[in-house]
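Hi,

Here is the structure I promised to pass on.

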Amino acid sequence: MKLIHTSDWHLGRAFHGVGLLGAQADYVDHLVETVREESVEAVLVSGDVYDRALPPPDAVQLLSEALTRLIDAGATVVLSSGNHDSAIRLGFASGLLERSGLHIRSDVADVGRPVLVGDTAVYPLPYLEPTATSVTESLAVGERTHTAVLGAAMERVRADAAGRGPSTVVMAHCFASGGAASDSERDITTGGVAMVPADTFDGVAYGALGHLHRPQQVADHVRYSGSPVAMSFSETGHTKGSLLVEIDPQGGVSVEQVAAPVQRELAVVRGDLDEVLASQQHASAERAWVQVVLTDPVRPVGALERLRRRFPHLLQLTFEPRGQVVPVRSYTARLQHREPLDVCCDFVADVRHGVPADEAERHVLAAALEAGRRDRDRAEEYAAPRRRRRGVA
């Protein structure tokens, strides 16, 4: 049987303020085409279908279209919930939708119940939050850790799979040992130790994991597909896409990565401002989403505007000055004995890279501070009689 392992679509996500829905729609087109060309029998989405529990309408619309097109292309579709998804919302009408070839598993009560696709049994595990009493009670575990709840879930999977032959797959959303994280995953340490041993998924032919956005293998039979679209500059250079998995009747597995289309590459550019602006080494970054890290010993004035003239798709500018770091006093010490108006003017000069507030701006700031003082005095006058009535000094 041929299946596609994918995960972490994060529909509705933005990348430094830029919406990703267009790139995600391109991935859906690519996925449907791959299903047709490769005669794929099942598409497995291992959690984080949406980026948040209450997704925006256009993200819901894209998922609806994607699922309809995949099923029309001849594939059974299996979705399991991730830590970003609302289990209740994602699982709406799941019993009814199973009749059409769409299997959504977001309820702990379904753990151990397989989706049968030909001779292969697929066991989707929803994201199991170890602090949730419904999870620990349903799985009969006393320890509130990811290892405990996933270990109990896999016991149910192995018990059912024992009578079904070697062609078995488990889907899970977790942080397995041996995996490398990116900057774009949400921490799932709530409730105990986050790391789950990779051998937790022993006893099946293939483990289709989600949560980590970098495609990687953590055991002979356990892999992360990674996200189909990059969501942080830490993912620069990653090959994004899906895993095409073929399982034979004896449980033998072969895996091939299928690269997804890239709407715009990522680039990280580092150096002094003058070098970054002049060097032809960075020519390819002019067409990419760019993060610039400036290493000038003193922060250059007007750097952002100058950089954007060369890199029109610049999304992030950070500073890592080279050389000796000059010790600074604490924030409290620096403000001690300073007038509020001077503190406000210092702030204006700082955000404008050293350009001080002029007289008109100082007048506006002074008026704002005075208005705030009057409001505070009125609030104190109103509160004083009430404190006296309650006997508070």
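I began with a residue pair: Leu-44 stands opposite Val-78 in strand 5. Keep in mind that this is a predicted model. The two strands behind that pair are strand 4 (residues 42-46) and strand 5 (residues 76-80), which run parallel to each other and are joined over 5 bridges.

Stepping back, they belong to an open sheet of 6 strands with mixed pairing, in the order 6-5-4-1-15-16. At the edges you'll find strand 6 (102-105) and strand 16 (253-259); each has a single partner strand, so one side of each has no neighbour in the sheet. From one strand to the next, the twist averages 20°.

Now for the helices. Helix 1 (residues 21-38) lies across strand 1 (2-6), strand 4, strand 15 (241-247) and strand 16, and it runs at about 165° to strand 1. Helix 2 (residues 57-72) also packs on the sheet, where it touches strand 4, strand 5 and strand 6. Its direction makes about 145° with that of strand 5.

One more spot to look at is Asp-48, in the loop between strand 4 and helix 2. Is Asp-48 buried or exposed? Its relative accessible area is 1%, so with the cut-off for buried at under 20%, Asp-48 counts as buried. Leaving aside residues up to four places away in sequence, Asp-48 touches Asp-8, Trp-9 and His-10, then Ser-81, Gly-82, Asn-83, His-84 and Asp-85, and also His-173.

Over to you!

Technical notes: Residues numbered from 1 in each chain as written. Predicted model: local features only at pLDDT ≥ 70, side-chain atom pairs only at ≥ 80, totals over all residues. Heavy atoms only, no water. Pairing = 2+ DSSP bridges. Helix = DSSP H or I, 4+ residues; strand = E, 2+ residues; numbered from the N terminus. Axes fitted to C-alpha atoms, helices over the stretch in contact; angles between N-to-C directions. Contact = heavy atoms within 4.5 Å. Buried < 20%, exposed > 50% of the residue type's maximum accessible area, 1.4 Å probe, protein only.
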